[in-house]
Amino acid sequence: MAVMKAILLAGGKGTRLRPLTIHTPKPIVPIFNRPFLQYQIDLLKQIPEIDEVILSLNYQPGRIEEVLGDGSALGIPLRYVVEPAPLGTGGAVKYAAGKVSESVVVFNGDVLTQIDLAAVIALHRERQARATIVLTPVDNPTAYGLVETDADGNVQRFLEKPDAAHITTNNINAGIYVLEPETFDRMPADEPCSIERSYFPSLVERQETFVAYVYDGYWIDIGTPEKYGEVHRDIMDGRYATAPFLNLPEPRVSVAPDATVEDGATLQGPCFIDEGATIKSGARVGPYAVIGRHTRIDAGATVENAIVWPHCHIGPEASVRDAILGRHCHVGHAASVGGGAVLGDRTAITDYTRA
Ligand code: GDD
Ligand code: MG
């Protein structure tokens with residue numbers, strides 16, 4: 001069995017997810033009760049050939065290492081490679097690969113999917129490809145890398161973030177690749193380089209075996225607040241099957257064993273209440289509410305279609321709808337937060353405020 005390494009590109013600043021990513025780098029933003037990368041690591045663990053996951057980091061690497069550790073708790077060895085300065089997606093892969101000569105599986109550190117990775121690796125081997133890229137169809141490719149292929153699935157063109165006028169296909173780069181490190185010689189060492197704008201077009205130009213695997217199952221890039229909210233709703237709806245919603249019967253209310261839900265509190269599924277949270281009598285939570293660890297929802301408060309991170313306090317009679325709240329936020333008495341608001345950690349909303 002040929003051993004492989006996985007590289008997770010997790011060094012971006014997560015600017016589009018600000019303010020959530022000011023103190024929590026995007027790779028470890030929580031999805032329910034787990035840091036995001038843990039979902040990717042669980043997927044990689046299903047491939048027995050992968051004996052190590054290399055995390056390519058740049059922004060707040062210490063925070064990520066603190067949360068994920070050496071991998072022993074996750075069941076696969078993790079290694080951290082921190083760039084001296086951001087090297088871009090291509091430079092980061094080259095730097096993280098170092099002296100590795102076996103095929104590498106690369107993941108953008110913000111995509112969640114249920115892809116059959118073993119099938120992608122099998123295609124890569126069968127076609128003896130220098131690079132294999134996963135494509136997925138989306139309605140609007142302008143925010144992604146557009147990829148054209150021929151009838152045999154060979155990549156013909158790679159165009160990163162095309163203008164609307166240049167859209168020729170709905171298949172985009174899903175941010176999952178199998179690559180042969182010997183091709184990395186065309187990227188400069190220790191200098192910024194984009195895998196999308198430079199490395200992939202160079203493979204096409206040189207007519208190397210560059211193969212596409214089209215996947216039309218569940219796929220999402222969690223990099224904006226809208227998508228971050230969407231992925232939670234998808235999991236609550238069972239569109240992406242994972243704990244704690246896997247096989248959870250209607251009304252799909254998931255409450256941690258040590259959370260406190262007082263008599264007289266109303267939980268409307270789907271919703272999730274994490275460890276140590278308290279829902280006071282008379283509070284209403286759900287549908288589509290995610291309540292983080294040790295967050296307290298007071299009497300008469302309503303939380304609906306919202307994600308509330310750990311250690312928040314939602315005061316009596318307050319309402320939180322269509323919003324995302326970072327850690328340690330406080331929403332005062334009878335205050336309301338909504339309309340797509342995204343509050344950074346420790347935001348305090350005074351009593352009676354309407355935001
Ligand atoms: N180590 C390191 N260094 N990682 C980086 C750097 C860097 O300089 N720059 C970006 N990354 C990481 C990010 O943390 C993220 O996990 C991944 O690389 C992709 O960067 P994004 O900033 O999220 O890119 P995008 O979403 O706009 O576009 C990319 O993903 C799309 C799919 O979601 C491209 O690969 C598109 O072609 C693709 O369609
Ligand atoms: Mg992204």
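Colleague: Which polar side-chain atom lies 2.6 Å from an oxygen atom of ligand 1?

Modeller: Keeping in mind that this is a predicted model, the side chain to look at is that of Glu160, which places a polar atom 2.6 Å from an oxygen atom of ligand 1. Taken on its own, ligand 1 has 740 Å² of accessible area, of which the protein covers 90%.

Colleague: How many residues surround ligand 1, and which are the closest?

Modeller: There are 27 residues around ligand 1, and the closest are Glu83, Glu160, Asn173, Glu196 and Asp221.

Colleague: Which residues coordinate the magnesium ion?

Modeller: For a metal site one looks for the donor atoms and then asks where their residues sit in the chain. Here Asp110 and Asp221 coordinate the magnesium ion (ligand 2) through OD atoms, at 2.1 to 2.3 Å. The two come from distant parts of the chain, 111 residues apart, with Asp110 in the loop between β6 and β7 and Asp221 in strand β13. Asp110 and Asp221 are both buried.

Colleague: How should I read a helix, and which residues of α5 are buried?

Modeller: The general idea is that an α-helix has 3.6 residues a turn, so residues three or four places apart point the same way. In helix α5 (residues 195-205) the buried residues are Ile195, Glu196, Tyr199, Phe200, Ser202 and Leu203, and these pack against α3, β8, β10, β11 and β12. After α5 comes Gln207, with a positive phi near 55 degrees.

Colleague: Is Thr295 buried or exposed?

Modeller: Thr295, found in the loop between β20 and β21, is buried, because its relative accessible area is 0%, under the 20% cut-off. A polar atom of the Thr295 side chain lies 3.2 Å from the backbone nitrogen of His311, and the residues that Thr295 touches include Ala277, Val308 and Trp309.

Colleague: What does the secondary structure of the protein chain come to?

Modeller: The protein chain has six helices and 28 strands. Its radius of gyration is 22 Å, close to the 20 Å that the globule rule gives for 355 residues, so the chain is as compact as a globular protein of that length. Of those 355 residues, 55% count as buried.

Technical notes. Residues are numbered from 1 along each chain as its sequence is written. Chains are lettered from A and ligands numbered from 1 in the order in which they are written. This is a predicted model: local features need pLDDT of at least 70, side-chain atom pairs count only at pLDDT 80 or more; totals for chains, interfaces and linings use all residues. Side-chain values use heavy atoms; hydrogens and water are left out. Donors are N, O and S atoms within 2.8 Å of the metal (3.2 Å for Na, K and Ca); water is not among the atoms, so sites may look incomplete. Helices (H or I, at least four residues) and strands (E, at least two) are DSSP runs, numbered from the N terminus. Buried means under 20% relative accessible area, exposed over 50%, partly exposed in between (1.4 Å probe, protein chains only). A polar contact is a pair of N or O atoms within 3.5 Å; within protein, one must be able to donate a hydrogen and the other to accept it, and residues adjacent in sequence count only if both atoms are side-chain atoms. Contact means heavy atoms within 4.5 Å. A residue is near a molecule or strand if one of its heavy atoms lies within 4 Å of it. Accessible areas come from the Shrake-Rupley method with a 1.4 Å probe; for residues, only the protein chains shown count as cover. The radius of gyration is taken over C-alpha atoms; the globule rule is 2.2 Å times the number of residues to the power 0.38.
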